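Look at the model below and read the paragraphs with it open. They go from the inside of the protein to its surface.

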Amino acid sequence: MKADIMRPTRKRYAMLALVALATALNYLDRTLMGVAAPAMSRELGLGPEMMGLVFAAFSWSYALAQVPGGIFLDRFGTRLTYALSLSVWSACTVMQGLVRGGWALIAVRLGLGAAEAPCFPANSRVLIAWFPRGERARANSIYSVGMYFGIAFCSPVLFWMAAHWGWRALFWTVGGIGIVYGAVWHRFYRDPADHPHVNEAELALIRADGGATQAEAPRPFRWSDVAYLLRQRSIIGASIGQFATNSTLVFFLTWFPTYLASERHMDWLKAGVYAMVPFMAASLGVLAGGQVSDRLLRAGVSLAAARKAPVITGLMLSTLIILAIWLESDGAVIAVMSIAFFGQGMSNLGWTLVSEIAPTRLAGLTGGLFNLCTNLAGIATPIIIGMTVGRTGSFFIGLIFIGAMACLGAASYAFVVNRVERLPNPE
C-alpha cells in the first residue's frame with residue numbers, strides 16, 4: 001500500500017489516449033470533404049465558388065458556437081460535453097453522405113461545425129486538469145499529432161474508398177465509427193478527482209506543477225468575463241497568431257487534394273499517395289514543437305520563450321508554401337508543401353500557450369474565444385481560394401495568401417503576446 005502511495009499512477013496518459021483518438025476522428029471528419037470534393041462537385045453540379053462556400057460553412061457555425069460551447073463546457077464538464085459533441089458531429093458526418101444538393105450539404109456542414117465547437121476548448125481543459133506544466137507541451141503534441149497522423153495514415157485508404165465505393169461511403173463509415181466512440185468516451189473519461197484508479201501521488205505530482213486536478217465550481221456566464229478576457233494582450237496576440245496558423249491547416253484540409261488534381265494534374269490515386277506526405281511531415285512538426293518547448297523549459301528558459309519560440313519558427317517555415325508557385329517538379333512541390341505543413345504542426349503549440357494563461361474558472365470560455373478567432377480563418381480561407389480559383393483558374397493568389405497569413409502570425413506571437421502566466425479569475 002505504501003509503495004502504491006509513493007509511486008504515482010499514470011492514468012493521465014490513458015486520458016491523453018482518449019483525447020488523441022477523439023482529435024483524430026475530429027480532423028478525419030473535416031478532411032473527408034476535401035477527399036470527396038472532386039467527385040461530389042461533379043455529381044452535385046457544384047462549381048469552385050460553391051465548393052468554397054461548402055468548405056467554409058463548417059467554420060461559420062464552428063466559429064459562432066465557440067463561446068456557447070465554452071459556456072456549456074464550463075457548466076457541464078468535459079466528460080458529458082465531449083460525449084455529446086462526438087455523437088452529434090458523427091451523426092452529421094453520416095448525413096453528409098445522404099445529401100442531394102449544395103444547399104442541403106451546407107445545412108449539414110453547419111450542424112457539423114456547431115457540434116465540433118467544444119472539442120478543442122475541452123482538450124485544453126484536459127491539459128489543465130491532468131498534466132503538470134512540465135509535461136503539458138508534450139501532451140499537447142501527442143494528442144495534436146492525431147490531427148495529422150490519422151489523416152496521413154488513412155489518406156490512401158480514403159482515396160481508394162472514394163474511387164471504388166463512391167464518395168458517400170466515406171461519410172457513412174467514418175461517421176459510424178465516431179458514434180460508437182462517443183459512447184466509449186463517456187464510459188472511460190473522468191476528471192482527476194473523480195477517477196477511481198488515480199492515486200494521491202499522481203494527483204500531488206500534477207498539482208505541484210500547476211495542474212488543476214479539482215474541477216472548479218460551475219460559473220454562470222457573464223458578459224463581463226468575455227470583456228475581461230478580451231482585455232488581455234496575450235490572449236489577443238495568440239488569437240491573431242492562431243488565425244494565421246489555421247489558414248495553412250485549412251488549405252490542406254480542404255483545397256489541397258483539388259490542388260494536386262487540377263493544378264498539378266495528378267490522377268486521383270496518385271494524389272492520395274502524395275497527399276499523405278505533408279500530413280506525415282505535420283505529424284513530426286507537432287511532436288518536434290512539443291519536445292523542443294518542454295526541453296527549453298527544463299533547461300531554464302522562461303515559460304514565454306519556451307512556448308513562443310517553436311510557434312514562431314513553425315510559422316516562418318509555413319511561409320515557404322509560396323515557393324510551390326514557381327516549381328515544376330511534383331516531387332519538389334510536395335517537398336515544399338511538407339516543410340510548410342511541418343511548420344504548421346510546430347505552430348499548433350499555441351493551444352498549450354493558451355492552457356498556460358487561461359483563468360481556471362474560465363478555461364472553457366477562454367478556449368472558446370481563442371478558437372473563435374482561430375476559425376475565422378476557416379471561413380475566410382476556403383472562400384478566398386475558391387473565388388480566386390474560380391476567376392483565375394489558378395491557385396497562385398491562394399498560396400500567396402497562405403504565406404502572408406503565416407508572416408502575420410509570426411509577428412503577432414513575437415510582438416503582441418507578452419506574458420505567459422496564469423491569469424487570475426475575475427472577481
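The model is a predicted one. Begin with helix 17, where the buried residues are G350, W351, T352, L353, V354, S355, E356 and I357. A residue is called buried when its relative accessible area is under 20%. Helix 17 covers residues 350-357, and eight of its eight residues are buried, so this helix is largely enclosed by the rest of the structure.

Now find S85, which sits in helix 5, the helix of residues 78-96. The relative accessible area of S85 is 5%, so S85 counts as buried. What is S85 in contact with, leaving aside its neighbours within four places in sequence? The residues are A115, E116, P118 and C119. With one of them, A115, a distance can be given: a polar atom of the S85 side chain lies 2.3 Å from the backbone oxygen of A115.

Turn next to the surface. A nonpolar patch is formed there by L320, L323, W326, I339, F396, I397 and I400. Together these residues have about 620 Å² of accessible area. Which helix gives the largest share of the patch? It is helix 19, residues 396-415, with three residues.

F396 is a member of the patch and is found in helix 19. Is F396 buried or partly exposed? Partly exposed is the term for values between the buried limit of 20% and the exposed limit of 50%. The relative accessibility of F396 is 40%, and therefore F396 counts as partly exposed. S85, by contrast, is buried at 5%.

Terms used: Residues numbered from 1 in each chain as written. Predicted model: local features only at pLDDT ≥ 70, side-chain atom pairs only at ≥ 80, totals over all residues. Heavy atoms only, no water. Patch = residues over 30% accessible without salt bridge, like charges linked within 9 Å, V, L, I, M, F, W, Y side chains within 5 Å. Areas by Shrake-Rupley, 256 points an atom, 1.4 Å probe, with all protein chains shown as cover. Salt bridge = Lys/Arg side-chain N within 4 Å of Asp/Glu carboxyl O. Helix = DSSP H or I, 4+ residues; strand = E, 2+ residues; numbered from the N terminus. Buried < 20%, exposed > 50% of the residue type's maximum accessible area, 1.4 Å probe, protein only. Polar contact = N/O pair within 3.5 Å; in protein donor to acceptor, adjacent residues only side chain to side chain. Contact = heavy atoms within 4.5 Å.
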